[in-house]
2 protein chains.
Amino acid sequence: MAQENFVERIADIEKDFPQWYTDVVVKTGLVDYGPVKGTMVIRPYGYAIWENIQSELDKRFKATGHKNAYFPLLIPMSFFTKEAEHVEGFAPEVAVVTHAGGEELSEPLAIRPTSETIFGSMYSKWIQSYRDLPVLINQWANVMRWEKTTRPFLRTSEFLWQEGHTAHATEEEALEETMKMLGVYKEFAENCLAIPVITGRKTEKEKFAGAVATFGMEAMMKDGKSLQAGTTHYLGQNFAKAFDIKYLDKDGAQKFVYTSSWGVSTRLIGALIMAHGDSRGLVIPPVVAPVQAVIVPIAVKKAGVLEKCGEVKKILESAGVRVELDDTDNSPGWKFNEWEMKGVPLRIELGPRDIEAGKAVIFRRDTLEKNEYALDGIADTVKKLLSAVQKDMLKAAETRRDGRIVYADDIDGILKGVENGNFVKAGWCGCRKCEDEVKAKTAATARVFAEGETSKKCAVCGKDAERTVIFARAY
Amino acid sequence: MAQENFVERIADIEKDFPQWYTDVVVKTGLVDYGPVKGTMVIRPYGYAIWENIQSELDKRFKATGHKNAYFPLLIPMSFFTKEAEHVEGFAPEVAVVTHAGGEELSEPLAIRPTSETIFGSMYSKWIQSYRDLPVLINQWANVMRWEKTTRPFLRTSEFLWQEGHTAHATEEEALEETMKMLGVYKEFAENCLAIPVITGRKTEKEKFAGAVATFGMEAMMKDGKSLQAGTTHYLGQNFAKAFDIKYLDKDGAQKFVYTSSWGVSTRLIGALIMAHGDSRGLVIPPVVAPVQAVIVPIAVKKAGVLEKCGEVKKILESAGVRVELDDTDNSPGWKFNEWEMKGVPLRIELGPRDIEAGKAVIFRRDTLEKNEYALDGIADTVKKLLSAVQKDMLKAAETRRDGRIVYADDIDGILKGVENGNFVKAGWCGCRKCEDEVKAKTAATARVFAEGETSKKCAVCGKDAERTVIFARAY
């Protein structure tokens, strides 16, 4: 019966994954469509996930020596032309302000699609000496990229993100930073979002416009497609030269700095939905769940039930658990469906008989298991369960993903692999033509290099392979 | 000698307050000018103050039942025309996106100067029944108002703020919300920023474009001018009617909701600079200070000094104090100046003799007092001092302000009052003509009504007074 209810409300995840996604994000109140095409309104339930993501990441950024700042939204269009690849990559997607304060502007202004250029222009002013280095700044901001096809969280004209921009005296330090932040992202994705990710370098075709090298982390969604969940870029001296960011070194010479940039966005919300969701709706990992446990009273009007529920709520709140008590007039069955759809990790059911027996029934959203626990020590029990859910969700996602990584020797193998919802590892000669051919014939793209692996032959042309590439269809 | 050093670096606060302000905000690293006219870059030291402001306010918003969300930056221009006063107030300041993705848009889009209209359009979709009310949402966002004359933090084309937007079933509830949030702002300003504020209703002329009534909090700066530090607006059914926000009431009737909105911005950083700063630079209240205590080693190279300083730093960090140890090669005198200019509430000086005696010298930035304290129990000592600084800064600011509130019976009295850097209370008949005349002749504007006070005669026309108004020159 409960299952029927879900079927009415959200599309079948097995039959129509895209529709399931759309139903889930809208009907759980995560997001709504904004009045301007391609924009989204992040509703309180969705924004609370973002706040938890922010707080976890921000801690990690600060622990690695970064400070937050805020740079302007509007960037002179001329800034983009200073770095040749950068303008080519971003100019077509830019939203442009041409009028302001009732007048036409003398120079059109871009709404930032990313902020390397404006950080660069300020760094060239702030950095004078080796003593000023490194500069390690991050910002939390909105950015805009005008996209033709949009989907909430995954691809919207405006989205929220963080962008770190750092400047260093040497190539080694800048590269170290690039790899360090990739590691921070990976640790965060695994331990907070319970999403196992594969990190590695990207091909020239897939790299950030203006970077020397881009490193990405790729997460497998439940349909076997990949989602790029974060990237770090080693920018070499490209932006230093474009914006004249120089420092006086100890040896008395003027040198260009080396820079890096790195970012993750509200896409991560889309990632966790598609990595963990099931036929009943969302399954949110406890660390970032807006509500970690919901208390559902059984026989809410029986004397003492609501009081006891309120007591348990207070105990859990004091223990730092994000808990809600659903004391509405809806039936327990309706509430079960609702909170399961919303992906709350634990449901605590409390009825007159439970209370009498000094027990509660706790339901785990991830495994759908239901067990009885003593009310005595309930805070400890809930905290232990939450951390078990967190760990088990990561393990389950790892198992799912690991069972879906296959190898291919030729382009047919790649096609078959991705059609069956796999990540496909295959040799690649390193040339753009072969990379393009894979995309044309399989709709899969090179996600990242499989670090530490070497194939013998390119799956496309049969020549000697330079790297092993992970191919997948991607969001 | 130390004083000379300041004189070199920042203008004399007594002689040139505006230049003092500009010198202080730039030279302490709070802010820099962005490449686009009228924009600012909030640098890490300034942004850290904003983070502390955010964290304090956000706690209070959530404790009063509000949730955060994120609404789109771009608003269709047509939305503004739906509320007649609103468009008149904001259209002239709007920045407009006309092109995006390489094409001209079919409808130009405004970068939000404020978000009543886009919240309104979504609320009309989300609110159906009395069960959906109240809706209590806040967002932290950037907004843009194209201004001719700009100054960092005080008036910039882009700034950061929070905007609360609420919808209620009744007028009473919406008004109660409007007043409640004014109270939250006042408590925050006094207890976190150590700025005493006068709250009250604004005149029709000074109210928010589209509001039924606006309430403001006004803070006195050191030059006697007023700074509007926050406002709350009772919007009645103006936006409900413009955006068709209706609900089905218990009695079966369709009714328009009543809405409120309220906001504070990065202006608050300007407020605390000008409310507390002195000839040496910033004086930052401990609650929002990025660094609450700085440890300056005396004879840094003497054996054991740096080690002991490091120990003290760890002790203070564990106690939750935001502390820095200045272990650079600069002289103690140079460091004293630097950290005083940056407004750090406490400086802890530790030299070989202090360490031997088990003592430290602690300097209070607010009172410029220096005293010896035992190293034993240093964390408690520092925490007590920080809370003393916080309270004493508020008291000092109250005393300063209270000594600068005067009464006037006529327009000459108002002029003399504001020329001497006072807030001037005067009777007002309630007509716009008299209000305009005050401005024309004194450059002062009606800040807020002096609640609970009634004057007999209007200071301008001599007719019966309707209210007592606080007039001041304002930022």
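**Salt bridges and helix packing**

Mentor: K125(B) and D32(A) form a salt bridge, with their closest N and O atoms 2.8 Å apart. A salt bridge is a side-chain nitrogen of Lys or Arg within 4 Å of a carboxyl oxygen of Asp or Glu. This is a predicted model, in which local features need pLDDT of at least 70, side-chain atom pairs count only at pLDDT 80 or more, and totals for chains, interfaces and linings use all residues. Residues are numbered from 1 along each chain as its sequence is written, chains are lettered from A and ligands numbered from 1 in the order in which they are written, and side-chain values use heavy atoms, with hydrogens and water left out.

Trainee: How are two packed helices described?

Mentor: One states the angle between their axes and the distance between the axes. Here helix α10 (residues 305–318) of chain A packs against helix α13 (residues 378–402) of chain A at an angle of about 60°, with the axes 9 Å apart. Helices are DSSP runs (H or I, at least four residues), numbered from the N terminus. Axes are lines fitted to C-alpha atoms over the stretch in contact, and angles run from 0 to 180 degrees between N-to-C directions.

Trainee: Which residues of α10(A) and α13(A) meet?

Mentor: V312(A), I315(A) and L316(A) in α10(A) meet I378(A), A379(A) and V382(A) in α13(A), contact meaning heavy atoms within 4.5 Å.

Trainee: How many residues does each chain give to the contact of chain A and chain B?

Mentor: Chain A gives 52 residues and chain B gives 52 residues.

Notes: Helices (H or I, at least four residues) and strands (E, at least two) are DSSP runs, numbered from the N terminus.
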